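Opening the notebook on this one. I'll jot down what I looked up, one stop at a time.

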Amino acid sequence: MYKYDDYDRNLVLERVKQFRGQTDRFFSGDLSEDEFLALRLQNGLYVQRLAPMLRVAIPYGMLSSVQLRTLADLSRTYDKGYVHFTTRQNVQFNWPQIKDVPDMLQALSDVEMHAIQTSGNCIRNTTTDQFAGVINDEVTDPRPYCEIIRQWSTFHPEFAYLPRKFKIAVNACPTEDRAAIKVHDIGLEIVQNEQGETGFRVFVGGGLGRTPLLGSAIREFLPEKDLLTYLEAIIRVYNQHGRRDNKYKARIKILVKALTPEVFAQKVEDEWQHIKDSPAQLTNEEIDRVKGFFDAPNYDTVESTTSFEEQVASNKAFANWVKRNTNEHKVAGYSIVTLTLKKTGIPPGDVSDDKLELIADLADQYSFGEVRIAHDQNIVLADVKQTDLFDVWKKAQAAGFATPNLNMLTDIICCPGGDFCALANAKSIPIAEQIQTRFDNLDYLYDLGEIELNISGCMNACGHHHIGNIGILGVDKKGEEFYQVSLGGCSGLDASIGKILGPSFAREQMADIVEKIINVYIENRTDEELFLDTYRRIGMTPFKERVYAKAH
Amino acid sequence: MPKLIKDSQIVEDNWLIIDADFEGDLPEQEVIVPLAYWTENRDALASRSNVGVWLDSHQEPSAIASDVKSLPVIAINFPKFADGRGYSYARLLRERFNYEGEIRAIGDVLQDQLFYMKRCGFNAFAVRADRDIEQALNGLSDFSNSYQAGCDNPIPQFRRR
Ligand code: HEM
Ligand code: SF4
């Protein structure tokens, strides 16, 4: 895991001091609401429906147990004793007081955390695969590149007042994309060319929200040393030419679409020619230095014992969990464990202070003191010995983190919606709960196989509804809450944006509607076909007919 | 006389900014004219050494690329502090067009932008008139170092380790 040097620490402390000053100036009337808004947003501080909200950065989703315990502490001292993990691998406090935020930032800085650029129209936290560094088929560990981007984008002087927010995601797996790079402003796919050199395929102009679009590849191979200058060229073109007259058309995706990806790529190329050989070009030394922070931990050689196989054979619940919630690790004898935060009745992503501490204990005892946050709002213990899985499972189960529903219909991605968010058109958490309650039979869920169901409370799409196989969107009709359903979205390598099924539904209908959709799938699927495959094969019509059929 | 932050000092500002819709004859004193006026009267103005140009946030610096050697001041307007185009313009003027004269931020210029502006090549700041310029001066030193290359230091931090 990356460790701050004096230099990083100093910058974060200077930021705390700067923000404290800004907060004081706001309270003394020296800064207007509007001016403070732009400044507080670049520090993760929103003002929401019921209270302010502070979003803390978790660079590329990595957290140490020490940091987890600090989050728990802060949630007790300044909040209501829980935090919320988001689809952007960050964490949010839902109930802080503005006046306390400088102190919270101070406490965070002690454990190498901050809220820099977690919101606002600047370059946000760079996200990546939650299995980075431990999964077998990645080209190389993407985290060092994320850290290089993090440093470069932190307080980037030219790009602090972009037309709109800006998100970069990195994927290094040729077989799967857990970082959803095609729905980011810039998506970087790490690849190797024929000479075996590492570089990036660069996608640009993806994004969700009001106009969901998939990114276009504007460069097939960017040498790794050119990463930062090329990013700079892209964002400079955007900064100058992105629309500023209309907030809803301000994202880079609108510019790329208006110009066409080819013309946009040419502008970037022209810009880049001027800066590609500048001192901002990365050096091998720097890449190696940052890679050094992500060296493999001290893995033990795990003696293969029969006990693990016996535990699996003799305990069906454990076997289920192993099958669903663990992934193969690149080191023999180890597993990647996902703790699911999707127990029915608890809003997806929410974790209480005592549970945070429990996860920290699990990380210390079984996974080198580190965890990762996944974009689907679950928590990963990346390095667990197979011989420890049974213990981890028992402890996780007692805490409610072992619901073996990873990637199943009830592993719902859900934004905070109308319960917390000032922008919401409708609540989303109760919809998640309604669906989870309806589909509570695990055998049935396993039979259905992987299905992604995502819910957003408005078209900003924080809950990724466009890329859910089944997407649910809260809409407002004359002041009343309704829900629109879309089908066929997907965030992986073959990413696609879902299509709207038809007119929207009342809240209490939602579980019924989902059930009808599932039934159409069951009746039409062939062996081994997942929901998405069936949808792609048979199209929208059969689903539409069933859902909107007149009752006889 | 209005005040200006220039090269990290508070100084008297002698330059008069000419409005975008100005018509008629310019005063004899130091003036900063809008781009349109400059383009129209370029030949007549070129003989004066006390005329600068200001760019609005949608006017790219390439429009004055061939004049940068002779201009004593180039001002960039921030109609709203959140309009960040001027940051790129200043960098381009310094790094692409090798402009060495004064680059001045005008318009909605506030304390909290100064550090970034300085890094992008601005060396003069006409802080908004309703703000305390003494206090704004502090904004230039919010941070003691930076990761990325900028006009104040073209060598990024990773090459300075
Ligand atoms: C409660 C406070 C929140 C507010 C006010 C908020 C606001 C917004 C807005 C306005 C957008 C649309 C931006 C655009 O299209 O230009 C957006 C997008 C998004 N937000 Fe949030 N959000 C909030 C919470 C969250 C949470 C809790 C998550 C994660 C669970 C999240 C993740 C996202 C994602 C993934 C997008 C889509 C990104 C894209 O368009 O490419 N947000 N948010
Ligand atoms: S999708 Fe809408 S309701 Fe949900 S968190 Fe985002 S802005 Fe709020």
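Predicted model: local features only at pLDDT ≥ 70, side-chain atom pairs only at ≥ 80, totals over all residues.

**Entry 1: the cysteine loop.** I started with Cys462(A), which sits in the loop of chain A that runs between strand S17 (453–456) and strand S18 (470–477).

Which protein atom donates to the iron atom of ligand 1? I checked, and the single protein donor is SG of Cys462(A), at 2.1 Å.

Then I went through polar contacts to oxygen atoms of the ligand. Arg251(A) puts a polar side-chain atom 2.9 Å from a ligand 1 oxygen. For Arg164(A), also through a polar side-chain atom, I read 3.2 Å to an oxygen of ligand 1. Leu208(A) makes its contact through the backbone: one of its N or O atoms is 3.0 Å from a ligand oxygen.

**Entry 2: a glutamine in chain B.** I moved to Gln113(B), in the loop that links strand S7 (102–107) to helix H4 (114–119) of chain B. Buried or exposed, I wondered about Gln113(B)? Its relative accessibility is 1%, and the cut-off for buried is under 20%, so Gln113(B) counts as buried.

What does Gln113(B) touch, leaving out residues up to four places away in sequence? My list reads Phe81(B), Tyr87(B) and Asp108(B), plus Tyr161(A) from chain A. I also noted a polar atom of the Gln113(B) side chain 2.8 Å from the backbone nitrogen of Leu110(B).

**Entry 3: strand S15 of chain A.** Last stop was S15(A), residues 379–385. How many of its seven residues are buried? Six, so I wrote it down as mostly covered.

I looked for its pairing partners next. Strand S12 (residues 334–339) of chain A pairs with S15(A) antiparallel, over five bridges. Across that pairing, Ser335(A) stands opposite Val384(A).

Strand S14 (residues 370–373) of chain A also runs antiparallel to S15(A), joined by two bridges. There I found Ile373(A) bridged to Ile379(A). S14(A) and S15(A) make a hairpin, with five residues between the strands.

How values were computed:
Residues numbered from 1 in each chain as written. Chains lettered and ligands numbered in written order. Heavy atoms only, no water. Polar contact = N/O pair within 3.5 Å; in protein donor to acceptor, adjacent residues only side chain to side chain. Donors = N, O, S within 2.8 Å, 3.2 Å for Na, K, Ca; no water. Helix = DSSP H or I, 4+ residues; strand = E, 2+ residues; numbered from the N terminus. Buried < 20%, exposed > 50% of the residue type's maximum accessible area, 1.4 Å probe, protein only. Contact = heavy atoms within 4.5 Å. Pairing = 2+ DSSP bridges.
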